[in-house]
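Subject: Structure handover

Hello,

Here is the structure for you to look through. My notes on what was found in it follow below.

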Amino acid sequence: MLHYSTKNDRTYASNNAVVSSIPSSGYHRVQSGETLFSIAFRYGLDYKELARANRIDAPYTIYPKQKIRFSGTSKTASNTANKSEPTPQPIVQTRQVTPTVLPPVVAATAPKAAATTPREVSKNDVKDEKISGNWSWPIDGKVTRGFSNAGVSSKGIDIKAEQGAMVKAAADGVVVYAGSGLIGYGNLVIVKHNDVYLSAYAYNERILVKEKQSVRAGDSLAVVGGKGEDRPLLHFEVRRDGQPIDPLNVLPKIN
C-alpha cells in the first residue's frame with residue numbers, strides 16, 4: 001500500500017468541511033477573494049436568496065469590507081419564527097339568541113361563489129432543475145466517507161484517488177469561486193450549473209481554473225490534494241438551492 005508524505009501540508013490537517021452557523025451579528029463582512037457564491041455556500045444559503053436580501057443584482061459583484069446581511073433569508077426567518085410568541089387563540093363567546101321569523105323570500109338569488117380557480121403558473125415561475133448534460137464522477141476512486149446531513153457531519157463525500165489525478169467538473173457550468181478563503185475546505189472550486197445546483201471540489205493541491213470561466217463536464221478543475229494523512233483525496237459536495245444533498249443521488253451509479 002502506498003503512503004504519501006504530508007510534509008509542507010499547511011492547512012489540510014485542520015480541515016473540517018461543514019456549514020457555518022449564521023453569525024450573531026446578523027451579517028458577514030466580505031473578505032478579499034470572497035464571492036457571493038462562496039459566502040452563501042459557507043452558510044448553507046441559496047445565493048439568489050442572499051442576493052435578494054442585500055439587493056445585489058446579477059452578476060452578484062461584491063466588495064471587500066461590504067456587509068452581507070442575513071435578515072430576510074430563510075434561515076433567519078426560521079430562527080425568528082421559532083422565537084416568536086405563539087399566536088393567541090380567539091375566545092369564542094356564546095349567548096342565547098331569540099330566533100327571528102322572516103317572511104318567505106319569493107325569488108332568492110344564490111350569491112356568486114368566490115373564484116377558486118388557481119392562478120395559472122407561468123414558465124417564469126418554474127425553476128429549471130435540469131442541468132446541461134448528465135452528471136459525471138469528478139474523479140476516479142473509492143468513496144471513503146459518505147454524506148450525512150446531521151449536525152456537523154460531512155456535507156459531501158470523500159473520494160480516495162491516485163496521486164496527481166485531475167479533478168474534473170461533474171457537469172457543465174461556470175466557475176463561481178476558486179480560492180482558499182473558506183475555512184475547512186482548503187483550495188476550493190465551486191461550479192454553478194444552473195439556478196438550482198452548485199458543486200464544490202475541496203482540498204485541491206492546485207487549482208487550474210479561474211472564476212467566471214465556463215467549463216464542460218469532464219474538464220480539469222484542479223489537481224487532487226487531500227487533508228491530513230488522507231492524501232490524495234477529494235471532498236466533493238452538491239448543493240441544491242443552497243442546501244447540501246447527497247452527491248450519490250445525482251452521480252451515476254457504480255456497477
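A residue is called buried here if its relative accessible area is under 20%, exposed if over 50%, and partly exposed in between (1.4 Å probe, protein chains only). The model is a predicted one, in which local features need pLDDT of at least 70 and side-chain atom pairs count only at pLDDT 80 or more, while totals for chains, interfaces and linings use all residues. Residues are numbered from 1 along each chain as its sequence is written, and side-chain values use heavy atoms, with hydrogens and water left out.

Helix α1

Helices (H or I, at least four residues) and strands (E, at least two) are DSSP runs, numbered from the N terminus. In α1, 7 of the 8 residues are buried, so the rest of the structure largely encloses this helix. Those buried residues are Leu36, Phe37, Ser38, Ile39, Ala40, Phe41 and Tyr43. After α1 comes glycine 44, with a positive phi near 70 degrees.

Aromatic pairs and charges over rings

Two rings of Phe, Tyr or Trp (its six-membered ring) pair if their centres lie within 6.5 Å; planes under 30 degrees apart count as stacked, over 60 as edge-to-face and the rest as tilted. By this rule there are 7 aromatic pairs. One of them joins phenylalanine 41 and tyrosine 185: the ring centres are 5.4 Å apart and the planes stand at 70 degrees, so the pair is edge-to-face. Phenylalanine 41 belongs to helix α1 and tyrosine 185 to the loop between β6 (173-179) and β7, so this pair ties together parts 144 residues apart in sequence. Phenylalanine 41 is buried, at 2% relative accessibility, and tyrosine 185 is buried with a relative accessible area of 2%.

Tryptophan 135 and tyrosine 197 form another edge-to-face pair, with 5.8 Å from centre to centre and 80 degrees between the planes. Tryptophan 135 is in the loop between α3 (74-83) and β3 (142-145) and tyrosine 197 is in strand β8, so placed that the pair links distant parts of the chain, 62 residues apart. Tryptophan 135 is buried at 12% relative accessible area, and tyrosine 197 is buried at 10%. Phe37, Tyr47 and Tyr60 make up one aromatic cluster.

A charge sits over a ring if NZ of Lys or CZ of Arg is within 6 Å of the ring centre and within 35 degrees of the ring normal. Arginine 239 lies over the face of phenylalanine 41, 3.7 Å from the ring centre. The charged end of lysine 67 sits over the ring of tyrosine 27, at 4.4 Å from its centre.

Nonpolar cores

A nonpolar core is a set of buried Ala, Val, Leu, Ile, Met, Phe, Trp, Tyr and Cys residues joined through side-chain atoms within 4.5 Å. The largest such core has 29 residues, of which Trp135, Ile139, Tyr201, Leu221 and Phe236 touch the most other members. At least two of its residues come from each of β4 (157-160), β7 (187-192), β8 (197-204), β11 (220-223) and β13 (230-240). The most come from β13, which gives 3 residues. A second, separate core has 27 residues, among them Tyr47, Leu50, Ile190 and Tyr203.

Leucine 234 is in strand β13 and is buried, at 0% relative accessibility. Its C-alpha atom is 8.2 Å from that of isoleucine 157, which is 77 residues away along the chain.

Backbone points

There is a cis peptide bond between alanine 58 and proline 59, with omega about 10 degrees, and proline 59 lies in the loop between α2 and β2 (67-69). Another cis peptide bond joins arginine 231 and proline 232, with omega about -5 degrees; proline 232 is in strand β13.

Tyrosine 60 has a positive phi, near 65 degrees, although it is not glycine. Tyrosine 60 lies in the loop between α2 and β2 and is partly exposed, with a relative accessible area of 21%. Lysine 65 also has a positive phi, near 75 degrees. Lysine 65 is in the loop between α2 and β2 and is exposed, at 67% relative accessibility.

Regards
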